[in-house]
Amino acid sequence: MAPPPPDPQFVLRGTSAAVHTLHFSCGGPEPDIPLLFSGSENGFIHVWNLKTHRVDSALDGHGRKSVYCVETMGGKDRLLSQGRDQRICLWDLAEGRTSVTDSVFTEHVGFCRCSLLQVAQGRWLMAMAARSLEEVQILELPSKTSVCTLKPEVGAKLGMPMCLKLWQLNCSSQPVLLAGYEDGSVVLWNVSMGKVLSKLNCHQEPVMSLDFDSEKAKGISGSSEKVLSIWSLNEQQNLQVYKTHELVNAGISDITIRPDKKILATAGWDHRIRIFGWKKLKPLAVLDYHTATVHCVSFSDHSNPRERLLAAGSKDQRISVWSIYAQT
């Protein structure tokens, strides 16, 4: 018999609202405090101290509109957040500061999370859904210079971009963007040329989340259906369906592959977190704690593998934190 699934190592309470996004910052050397950033439906970003399991600070920069993306930029002192107020904020958190230093007005009404890629020391590319429904805009940060706008061909009928992932194979290769759209397709864009390299119909419903493993040239996406789609990218830059995996219950809010590329986690509308082996998509565990939809899952970036954690944020206003190193 399989061992029973573990309980959370600890649970973080106190957001007073549904949790939509999570991001760890645990990679610093001692005595750096490992942190977890959470973004909530009430517009607050909470900075959780993972030693005390308490909130170190609460950031309020989105006019009490839901925050659905938080990312650090090269360390825990610089933060990017995105909210339903159609703003992306850049924060300075050094030396106890909690100030917004700059912001980008996206004019995007959906909830497509932006994607960041560091291209040089202190320089980033950011992909975000644009004002025009089907378009994705690429900006350089911190300058906010527009790099390009990715527009589907006339008549493509992709619908709105739902999820984005910027990546590059190595620092000398061209950045590319994977975008999941409302019509269920995943599209690979060449960012510097602003053109489609490949398009794959993965789902019957909008793509809710995707992640990509650039080493194996393999990605995974989920939607409101009962299917995970695994796809690969060949040397000619063509996307191909690799396999599909049938789920017990429909609806995936978020998918993330652990940085060591061994396992992945999904956030389910069925209140459950599911863990799979990434190599063969073997189901490894069902983590059953939350009492409502799980909106987001995130793996920590601890340098010591034994300290690595998985966090999940839910509509039930709680964040569950799991140690699943021993189970895998």
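**View 1. Trp 231, a buried residue of the predicted model.** In this predicted model, Trp 231 has a relative accessibility of 0%, and because buried means under 20% relative accessible area, Trp 231 counts as buried. Phe 212 counts as buried too, at 7% relative accessibility, and its ring forms a stacked aromatic pair with that of Trp 231, with 6.1 Å from centre to centre and 15 degrees between the planes. Phe 212 lies in strand β18 and Trp 231 in strand β20 (residues 227–233), so this pair ties together parts that are 19 residues apart in sequence.

**View 2. The cluster of Trp 167, Phe 212 and Trp 231, linked by ring pairs.** A search of the whole structure finds two aromatic pairs, and in one of them the rings of Trp 167 and Phe 212 have centres 4.5 Å apart and planes at 35 degrees, so that the pair is tilted. Trp 167 belongs to strand β14 (residues 161–167) and Phe 212 to strand β18 (residues 207–213), so the pair ties together parts that are 45 residues apart in sequence. Trp 167 is buried, with a relative accessible area of 9%.

**View 3. Lys 218 and the ring of Trp 278.** Here the charged end of Lys 218 sits over the ring of Trp 278, at 4.3 Å from the centre of that ring.

**View 4. An open sheet of four strands.** The strands follow the order β6-β7-β8-β9, with antiparallel pairing, and β6 (67–72) and β9 (99–105) are the edge strands, each of which pairs on one side only. Neighbouring strands of this sheet are turned by 20 degrees against each other on average, direction ignored. Strands β7 (residues 78–83) and β8 (residues 87–92) pair over five bridges, and Leu 80 has Leu 90 in β8 as its bridge partner.

Key:
Residues are numbered from 1 along each chain as its sequence is written. This is a predicted model: local features need pLDDT of at least 70, side-chain atom pairs count only at pLDDT 80 or more; totals for chains, interfaces and linings use all residues. Side-chain values use heavy atoms; hydrogens and water are left out. Two strands pair if DSSP finds at least two bridges between them. Helices (H or I, at least four residues) and strands (E, at least two) are DSSP runs, numbered from the N terminus. Axes are lines fitted to C-alpha atoms, for helices over the stretch in contact, and angles run from 0 to 180 degrees between N-to-C directions. Rings of Phe, Tyr and Trp (its six-membered ring) pair if their centres lie within 6.5 Å; planes under 30 degrees apart count as stacked, over 60 as edge-to-face and the rest as tilted. Buried means under 20% relative accessible area, exposed over 50%, partly exposed in between (1.4 Å probe, protein chains only). A charge sits over a ring if NZ of Lys or CZ of Arg is within 6 Å of the ring centre and within 35 degrees of the ring normal.
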